[in-house]
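Welcome! Please take a look at the structure below, and then read on for a short tour of its rings and helices.

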Amino acid sequence: MITDRIDAVTKIPPEYRKAMLPAPISVKIEISPRCNYRCGFCALRTREVQPKWDMDFDLFKRATREMREAGVKEIGVFYLGESFMNPKLLVDCIAYLKGEIGMPYVFLTSNASMAFPEAVEACMAAGLDSLKWSVNAADEAQFEQVMGVSGKLFHNALENIRSTCAIRKEKGYKTGLYASSIRYDGEQQAKMEGLLRERVIPYVDHHYWLPLYSMGAFATKREAELGYRPTAGNQGRIGALREPLPCWSAFTEGHVTAEGKLSACCFDATANWTMGDLTKQPFMEAWNSQPFVKLREAHLKRDVSGTVCEACVAYG
């Protein structure tokens, strides 16, 4: 079950409650830093200039081979951007992970709007283990308000969710299909539940709820404009929320940008939490770099004052 895997990463086990660590349980890698949505709650909105270059494939291969040799068992072929913005690179990365280095588990989260059937089938054929859809608007009007783009993409996403399920059934692929949604309040929540029952849940193996993340405090102004009440930091999923300190993101999961930077934060859209550079150093050297070790020490003491994490709403 996807939630079991999520919970295993967000619950920091005893062997990971230290500053110097073994290889992370999981690593998310930004295949493409670009996204066709402009979600009001997402830290990507804070970028003054949107990135133009996707992950270099040679860098991806070298870094993930190092991860596999170090003991990483799960790779997410996404981070903050939408990976279907570069479907060919996405498929090549999945094929390399499953066919060349034998990564046990490869997963992907997508907004579904760009996941056209041919690309989805190629991902499944390459060995993708898990594909999760992020569904966070109940109707076209809310979609345009929150995602900041044409409502046409709302309908594209729902159709792609349906067609993906049909493709899996027809071809017999083993990819798990999932969906997650932000839990809203009152009438809005009722609308979401109606949409999910009709247009999403019939086409996935499991759906679960997430709190509205604050994206490292960088999206709070926009959240206030839209009337959101964000949950502190990234505390995992509803039903298994974690304490904000120490933050699991710095201990059990690696986050690599398309430029090859290793970040301590799962919401680092502006390179504020960079702990290493995989274009210049091996993965494990960056994972246990001096800045990273020092930051983890502060988290373990539950006092992040004076660190890059100090401004996060989770600790305010």
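Arg296 lies over the face of Phe292, at 3.8 Å from the ring centre. A charge sits over a ring if NZ of Lys or CZ of Arg is within 6 Å of the ring centre and within 35 degrees of the ring normal. The charged end of Arg5 likewise sits over the ring of Tyr105, 3.6 Å from its centre.

This is a predicted model, in which local features need pLDDT of at least 70, side-chain atom pairs count only at pLDDT 80 or more, and totals for chains, interfaces and linings use all residues. Residues are numbered from 1 along each chain as its sequence is written, and side-chain values use heavy atoms, without hydrogens and water.

| Pair | Centre to centre | Angle between planes | Type |
|---|---|---|---|
| Phe57 and Tyr96 | 6.4 Å | 80 degrees | edge-to-face |
| Trp287 and Phe292 | 5.3 Å | 75 degrees | edge-to-face |

Phe57 in helix α2 (residues 57-70) and Tyr96 in helix α3 are 39 residues apart; helices are DSSP runs (H or I, at least four residues) numbered from the N terminus. Tyr96 counts as buried because its relative accessibility is 9%, where buried means under 20% relative accessible area, exposed over 50% and partly exposed in between (1.4 Å probe, protein chains only). Phe57, at 25%, is partly exposed. Trp287 is buried at 0%, and Phe292 is also buried at 0%.

Conventions:
Rings of Phe, Tyr and Trp (its six-membered ring) pair if their centres lie within 6.5 Å; planes under 30 degrees apart count as stacked, over 60 as edge-to-face and the rest as tilted. Helices (H or I, at least four residues) and strands (E, at least two) are DSSP runs, numbered from the N terminus.
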